[in-house]
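Colleague: I would like to go through the terms used for this chain and see what each one rests on. Please set the values against the definitions.

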Amino acid sequence: MKALLLDLDRTLVDVQSFTDYEASVVDLEARFGELPGSDIPETYWRPATLRAMEVLVAWAGDPRWQEASDLIEAHELAAVEVSTPMPGVARFVDAIAGIPTVVVTLMGPAAARAALDRHGIDLPVIGRRVDLRPKPAPDQLLAGAELLGVEASACTMVGDSSWDHGAAVAAGAGFVGVGSTDFPPGVPVAADLVTALGLLPAS
Ligand SMILES: [Mg+2]
């Protein structure tokens with residue numbers, strides 16, 4: 001492992017539990033009417049969280065994507081103010097100092113930066129954006145590897161969701177799950193970030 005790709009939400013910081021994705025779906029329906037579906041992985045998120053992300057996956061490359069993302073991000077930004085650190089995050093971030101690392105998240109870019117800043121996590125971040133298909137597509141992870149100047153195959157992704165795992169597999173990166181049981185058999189999974197340190201490849 002030459003580099004790390006880290007999910008943000010419920011991996012480093014919990015914003016998701018405080019984000020009113022239910023209201024974001026109401027906003028999307030009010031603006032766009034019937035919302036599209038997409039073939040997305042099962043995961044443990046609340047139905048409205050999954051629905052909001054499903055719309056962004058379905059509309060990847062569509063002119064409506066940016067406005068939809070902005071409507072959702074308003075709710076994410078509100079939740080950042082009450083977000084909480086995930087267990088072990090400070091120790092984890094200290095331990096990976098010196099390893100090239102980028103945060104790769106489905107959150108909007110302003111909300112993602114604000115969440116990291118609020119919790120003193122000084123790492124670059126690639127949030128969702130119009131020119132990258134969202135996770136579980138590999139695009140965001142490939143952009144992260146490019147930012148670090150390494151191949152995706154030299155990276156290990158750490159994340160809490162099957163969407164992170166799917167994106168890592170699609171990008172050809174390694175993967176360590178953390179804090180959930182959202183993964184297929186055989187995937188290394190740690191209960192928390194400190195334990196995850198012991199599962200990272202040595203080189
Ligand atoms: Mg997450």
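Modeller: Domain bounds come from an automatic or database domain assignment. For this chain, that assignment gives domain 1 (3-15 + 83-197) and domain 2 (16-80), and the C-alpha centres of domain 1 and domain 2 lie 20 Å apart. The contact takes 24 residues from domain 1 and 21 residues from domain 2, where two residues are in contact if their C-beta atoms, placed from the backbone, lie within 7 Å. This is a predicted model, in which local features need pLDDT of at least 70 and side-chain atom pairs count only at pLDDT 80 or more, while totals for chains, interfaces and linings use all residues. Residues are numbered from 1 along each chain as its sequence is written.

Colleague: How is the side of domain 1 that touches domain 2 divided by class?

Modeller: There are 11 nonpolar, six polar and seven charged residues on that side of domain 1. Ala, Val, Leu, Ile, Met, Phe, Trp, Tyr, Cys and Pro count as nonpolar, Asp, Glu, Lys and Arg as charged, and the others, Gly among them, as polar.

Colleague: What makes H1 oblique to H2?

Modeller: Helix H1 (residues 21-32) and helix H2 (residues 47-58) pack at an angle of about 40°, with their axes 8 Å apart. Angles under 35 degrees count as roughly parallel, over 145 as roughly antiparallel, 65 to 115 as roughly perpendicular and the rest as oblique. An angle of about 40° therefore makes H1 oblique to H2. The axes are lines fitted to C-alpha atoms, for helices over the stretch in contact, and angles run from 0 to 180 degrees between N-to-C directions.

Colleague: Which residues make the contact of H1 with H2?

Modeller: Tyr21, Glu22, Ser24, Val25 and Leu28 come from H1, and Ala48, Thr49, Arg51, Ala52 and Val55 from H2. By class, the residues of this contact are six nonpolar, two polar and two charged. H1 passes H2 in a left-handed crossing; a crossing is left-handed if the near helix is turned anticlockwise from the far one by less than a right angle, and right-handed if clockwise.

Colleague: Why is Leu5 called buried?

Modeller: A residue is buried if 20 or more other C-beta atoms lie within 10 Å of its own, exposed if 12 or fewer, and partly exposed in between, with C-beta atoms placed from the backbone. Leu5 has 31 C-beta neighbours inside 10 Å, so Leu5 counts as buried. Leu5 lies in strand S1 and touches Val102, Val104, Leu141, Gly144, Cys155, Met157 and Ala173, not counting residues up to four places away in sequence.

Colleague: Is Arg10 buried or exposed?

Modeller: Arg10 has 20 other C-beta atoms within 10 Å, so Arg10 is buried. Arg10 is found in the loop between S1 and strand S2 (13-14). Its phi is near 65°, a positive value in a residue other than glycine.

Colleague: How do H6 and H7 cross?

Modeller: Their axes come within 8 Å and cross at roughly 65°, and H6 passes H7 in a right-handed crossing. Gln140, Leu141 and Leu142 of H6 meet Ala167, Ala168 and Ala171 of H7. Five residues of this contact are nonpolar, one is polar and none is charged.

Key:
Helices (H or I, at least four residues) and strands (E, at least two) are DSSP runs, numbered from the N terminus.
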